[in-house]
Amino acid sequence: MEKPKSSKKQKLHATTMEITGNVVLEKKILSSLHDAADELLGRKVAFQLITDAPDQARNRVKKAYLEGWISGGYKVKFEWSEDLGAPLAFTVTNLHHSEFYLKSLTLESVPGHGRVHFLCNSWVYPAECYNNKERVFFSNQPYLPWETPAALAAYREEELESLRGNGKGKMEEWDRVYDFDIYNDLGEPEKGIDYVRPILGDSSEFPYPRRGRTGRPSSSSDPNCESRLPLYESLNIYVPRDEKFSSIKMSDFIAYALKSIFQFLAPEFKDLFDETRGEFDSFDDVMQLYDGGIKINEGSVLDRIRKAVPFETIRELLRSDGEGAFKFSLPQIIQEDKTAWRSDEEFAREMIAGLNPIVISRLKEFPPVSHLDPEVYGDQSSKLTADHIKDGLEGMTVEEAMEKNKLYVLDHHDHLIPYLARINTTATKTYATRTILYLTKDGILKPLAIELSLPYPQGHPGAVSSVYTPAKEGVQASIWQLAKCHVSVNDSGYHQLICHWLHTHATIEPFIIATHRQLSVMHPIHKLLHPHFKDTMNINALARQTLINAGGFLEITVFPAKYSLELSSLLYKNWVFTEQALPADLLKRGVAVEDSSCTHGIRLLIEDYPYAVDGLEIWAAIRTWVNDYCSIYYKTDESVQNDVELQSWWKDVREKGHGDKKHEPWWPKMQTIKDLTNSCTIIIWVASALHAAVNFGQYPYGGYLPNRPSMSRRFIPEPGTPEYKELESDPDKAFLKSITSQLQSILGISLVEILSRHPEDEVFLGQRDSPEWTSDKEAIKAFEKFGARLEKIEKKIVEMNNDGKLKNRFGPVKVPYTLLYPSSGIGITGKGIPNSISI
């Protein structure tokens with residue numbers, strides 16, 4: 001039998017062979033010619049494997065160079081011998097002039113070890129950007145600190161040190177440093193007193209979660225404030241390079257440009273509505289934004305912008321229907337019925353199945369009690385009486401209704417009163433509101449009374465309050481609609497600033513920073529949490545630059561105006577990490593009680609509460625997945641206590657990331673497996689499901705501003721005034737003059753339209769962007785179980801939405817509740833739970 005011919009390609013000598021690694025990367029298109037020249041001149045991309053062989057053998061591992069840069073089909077060929085052991089990691093040195101995005105390296109057939117995959121997902125800049133140090137990437141095998149192979153121990157620690165940085169200097173584009181800083185970058189004191197804002201964080205007066213440090217120099221006007229980037233440089237705001245949006249998402253979301261574009265739009269819109277400049281004269285005027293569209297004349301400012309701006313998001317914003325018409329898509333809230341949003345039932349339903357279903361609470365005392373200090377704020381007692389609500393209690397007394405868990409309240413009184421006098425010095429004219437609701441026999445909520453309060457005039461402590469009750473006819477019906485409008489304004493502002501920005505975006509960022517600083521990418525908890533942090537630092541940085549800054553979008557479109565972030569700081573004082581768990585939140589608000597006989601250990605007092613019903617299913621699925629995953633790696637409480645990276649991570653979160661709350665007694669001690677699993681479940685819940693519940697309904701519910709007005713410009717008119725006469729003669733016009741103006745409406749609708757979109761590269765709960773995120777088969781199996789459970793939840797949600805008995809799941813507007821439906825397509829869908837706060 002003829003012996004096979006030796007192959008130099010397969011065998012270099014008796015014990016040495018060649019193994020091929022397949023590389024997946026993305027080049028920068030504009031720099032490819034320059035880098036091709038580098039290749040021809042011998043300046044290449046070098047790879048070197050790190051193995052678990054003894055030092056003597058490991059020292060024989062040779063560098064190999066990336067092939068296919070010019071021709072495509074990227075590969076790297078390593079000399080290999082079996083005594084080199086298992087490939088554990090590799091280093092890469094980029095000798096080109098430009099960076100590239102390294103997705104993965106896969107060694108298909110390593111003798112004795114089979115397929116070895118390295119998931120990288122990182123930008124690799126030229127070596128001089130890293131002081132000529134190599135970048136290191138580890139295989140997808142997880143290791144707890146004490147399990148780290150000896151060959152990787154130093155690399156593991158050095159990588160964490162580089163990610164922590166030294167706390168000095170301005171961060172550059174290529175930097176990968178994760179560090180904490182305070183919110184001292186919101187104001188622009190150089191522009192004058194109107195642009196000065198308090199510094200948030202590291203303060204008992206203005207506590208706040210920490211943000212990512214940029215290292216920009218101090219403001220020339222105030223050394224305590226960080227200087228700001230010019231608007232046109234907003235995309236260059238520093239976040240660690242791998243936290244930047246992907247190229248797909250960057251082309252799909254250029255929200256920073258909206259502010260500069262709309263500075264030019266104001267003249268275009270001034271004359272679009274014929275009677276009253278700056279106002280909608282009727283609901284038909286409002287519908288023009290959706291139905292017929294607004295003509296964009298050839299050569300107009302709008303037309304020039306639409307043609308000039310290359311970004312897909314802005315093109316979508318200024319899209320044309322072929323006849324040059326500018327219009328928005330029809331929000332779900334008015335797709336089936338144009339007026340059902342005005343009903344009392346829908347007004348109440350949205351408190352449990354709308355955009356902000358996480359504030360309503362059970363009424364435990366009547367009238368509602370203020371907890372503001374009377375020494376400071378005077379008498380804040382409610383003026384509500386039993387006479388105001390007795391006719392809506394189906395024959396019960398107030399005491400009986402409370403005893404039977406029938407009375408609920410949406411209370412926006414105490415958190416607004418301290419700021420209300422100042423807020424009302426701006427263009428805003430609003431009240432602090434309390435709304436009393438009754439749970440009827442058929443399971444729906446109906447509003448019984450609304451109390452509107454203002455601070456006592458001339459600076460005296462106390463409040464002046466008026467109570468309004470439902471009316472069906474005449475001017476009283478119009479006043480009732482205005483009272484509901486003021487409640488919606490309160491709720492809209494609280495939703496955007498507190499439930500959305502503060503309780504998801506801002507409070508999660510410290511966990512992201514601490515994770516990268518203290519948990520190696522090889523750490524199992526890093527692998528668990530990392531998908532839930534994607535794009536959050538980038539979107540938060542852009543928010544500081546264009547949305548929540550002095551004069552930014554939020555101040556223009558939300559009623560607290562320039563006091564918005566200061567108000568959120570006041571309410572951060574009430575933030576408790578453990579209460580972010582859904583069951584704890586429901587119990588705190590009194591809408592559920594503990595009941596061991598129920599599936600989730602609690603019983604909902606409003607049985608048809610779509611957010612809570614769906615949320616508890618999602619919460620339980622996340623909790624089970626986290627428990628299953630953590631049990632693979634932690635067998636005893638001692639293993640948690642002895643995990644040095646885990647303990648450093650939790651210390652960083654408490655003492656630095658949420659440093660203003662480091663002495664709070666409620667922090668989990670991170671001494672038990674239960675501490676770990678509970679904490680990780682809360683983090684994943686907040687970053688995925690909670691954010692989805694308060695974000696992706698913004699356009700479906702709030703894209704029609706009369707339903708969710710974010711500004712109020714008039715108080716309830718008094719009899720005998722011209723405004724009262726207008727309310728009698730043209731209530732719709734009076735209503736529209738009371739809420740957001742035309743331009744504010746267009747700005748607000750534009751913003752929520754963008755924030756409600758799923759981009760093309762969205763990754764949803766139960767999914768990963770790579771099937772090879774870990775090599776641990778047990779972890780993969782547990783994750784597949786999690787995905788299967790989420791699919792069952794989807795089917796259950798569909799069944800409930802088709803059950804006509806569950807009236808709160810679709811309401812008078814016929815919009816099914818799908819905000820906690822796990823998966824979705826791209827665009828505005830009103831459903832889908834992304835893994836992370838990515839928009």
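Helix 14 and helix 18 cross in a right-handed manner; a crossing is called right-handed if the near helix is turned clockwise from the far one by less than a right angle, and left-handed if anticlockwise. Please bear in mind that this is a predicted model, in which local features need pLDDT of at least 70 and side-chain atom pairs count only at pLDDT 80 or more, whereas totals for chains, interfaces and linings use all residues. Residues are numbered from 1 along each chain as its sequence is written, and side-chain values use heavy atoms, with hydrogens and water left out.

Helices (H or I, at least four residues) and strands (E, at least two) are DSSP runs, numbered from the N terminus.

The axes are lines fitted to C-alpha atoms, for helices over the stretch in contact, and angles run from 0 to 180 degrees between N-to-C directions.

Which residues make the contact? Helix 14 contributes Tyr494, Leu497, Ile498, Trp501, Leu502 and Thr507, and helix 18 contributes Ser564, Leu565, Ser568, Leu571 and Tyr572, contact meaning heavy atoms within 4.5 Å. By class, eight of these residues are nonpolar, three are polar and none is charged.

Four strands form an open sheet in the order 4-3-6-9, with antiparallel pairing; two strands pair if DSSP finds at least two bridges between them. Strand 4 (64-65) and strand 9 (135-138) are at the edges, each with a single partner strand, so one side of each has no neighbour in the sheet. Helix 3 (residues 150-164) packs on the sheet and touches strand 3 (45-51), strand 6 and strand 9, its direction making about 120° with that of strand 9.

Strand 3 pairs with strand 6 over seven bridges, and Leu49 stands opposite Phe90 in strand 6. Two bridges join strand 3 to strand 4, where Ala46 stands opposite Tyr65. Strand 6 (residues 87-94) pairs with strand 9 over four bridges, and there the bridge partner of Phe90 is Phe137.

Notes:
Nonpolar A, V, L, I, M, F, W, Y, C, P; charged D, E, K, R; others polar.
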